[in-house]
Amino acid sequence: MMKALIFDPFSGAAGDMILGCLIDLGADPGKVCSAIESAVDVSVTVIPLSKKGIRSMDVQIRVPHRSHTRSYSELIEIIGKAGLPDRVRKDSLEVFALLAEAESTVHGKSLQELHFHEVGQDDALADVIGACFAMNELAPDSVLCTPINVGGGQIHAAHGIFPAPAPATLEILRKSGLPFYGEGNRELLTPTGAALLAHFAAPVPQLPLGRALATGYGAGDADTERPNVLRALLVELQEESWGDRVDILETNVDDVSGEILGSLFDRLMALGARDVGIIPMTMKKGRPGHLVRVVATPQNSSTLAREIMRETGTLGIRVLAAVHRFTAERTIRAVTLSMGNEKAEIPVKIACDQQGAILNISAEYEDCRKFAEIIGLPLKDVLRRVEEEARREFGTSRLR
């Protein structure tokens, strides 16, 4: 059985809420507070309190002096000099890298020019370091996150008034692919909360099948109509619960030209099919035909079935409904390839299991093809070199 930590942010998430629910799940508060206070000039107190009748852990971080805004390089230096375990230091730096890249994109500034505002304060630095320490102490096999409530209304930020979520928060959500929705009239997801979830968690549409081992609640600062807490669970997942569920649509067709089938392939992918296969086959009376097989989300099956009927004239579509599918988690990273006088950043697709162990690395075809044309080498050589470089950089590590 696999132990998963699942965030269920029905009331959003902030750095202190994430830290609070991890402590409530079993991370040692004494060790967490010591790790924070050794790295940042703050004092930390963890106390239980009630939010609309829900017992939750409130992490209070007191800063003895007024914090100033910091540059990205200053934050890197502070974390680098702190006496943190290697994994905690690495996680903390990667969380702030997500924040920095989002701020850089939003404000159109380079990382060297970048100064943080709210997320550069000592309490935000403490939240990130504490959450990374607590996560590594709990050491779940995988970390998942259900859709996030980002709230609504207006935010009074350093650069003006914005609708929730804040621009940097929205950029982190866009890059991570974490699903979200908006309910309420105040900001519920902070940039720090978004970056921590994006770094640690993979998205799931709902709570998966499993047995709850523990629950934890981290208290938010505000009082809202619903309990302003972040809920997290430690769950013993059933073997079949990792992956997702898809429908498989099938039909046999004859008297359909290759041009029509090629167009159908492109059309189905454009409409959201997860995969399309068109397989030659022999039909009754020896007639040549094709098996059209489509992998689709259950929500999209009806649209795709109608399109297959419209394009091919078939009168029926077989549906293998809600079939369980084991899936690898996929992420895109980049490696630098230097050949001759030319250099390029080439994306690679990395597939991992639920523990973050790398299963496969493949170079992005189109980027390799363009670079191969520039340097005048066969495409197969460029693909091989990129994947070898990626395996040297990532192949023995875990991405989480």
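In this predicted model, the side chains of Lys 90 and Glu 94 form a salt bridge, with N and O 2.5 Å apart; the term stands for a side-chain nitrogen of Lys or Arg within 4 Å of a carboxyl oxygen of Asp or Glu. Both residues belong to helix α4 (residues 86-107), where they sit 4 residues apart, about one turn of the helix. Helices here are DSSP runs of H or I with at least four residues, strands are runs of E with at least two, and both are numbered from the N terminus. Lys 90 is partly exposed at 37% relative accessible area, and Glu 94 is also partly exposed, at 26%. Buried means under 20% relative accessible area, exposed means over 50%, and partly exposed lies in between (1.4 Å probe, protein chains only). Residues are numbered from 1 along each chain as its sequence is written. As the model is predicted, local features need pLDDT of at least 70 and side-chain atom pairs count only at pLDDT 80 or more, whereas totals for chains, interfaces and linings use all residues; side-chain values use heavy atoms, leaving out hydrogens and water.

Glu 389 is partly exposed, with 25% relative accessible area, while Arg 392 is exposed at 57%.

Side chains of opposite charge can pair when their charged atoms come close.

Turning to the sheet, three strands follow the order β16-β17-β18 in an open, antiparallel arrangement. Its edge strands, β16 (329-339) and β18 (358-363), each pair on one side only, and the twist averages 30° from one strand to the next. Two strands count as paired if DSSP finds at least two bridges between them; β16 and β17 (residues 342-352) have 11 antiparallel bridges. Within this region, Leu 337 stands opposite Ala 344 in β17.

Two helices accompany the sheet. Helix α10 (residues 365-375) lies across β16, β17 and β18, at about 155° to β17. Helix α11 packs on the sheet and touches β16, β17 and β18, its direction making about 115° with that of β16. Axes are lines fitted to C-alpha atoms, for helices over the stretch in contact, and angles run from 0 to 180 degrees between N-to-C directions; contact means heavy atoms within 4.5 Å.

Helix α7 (residues 191-200) is largely enclosed by the rest of the structure, because 10 of its 10 residues are buried. Among them are Leu 196, Leu 197, His 199 and Phe 200.

For the chain, the secondary structure comes to 11 helices and 18 strands. Of its 400 residues, 46% count as buried. The C-alpha trace spans about 85 × 60 × 45 Å along its principal axes.
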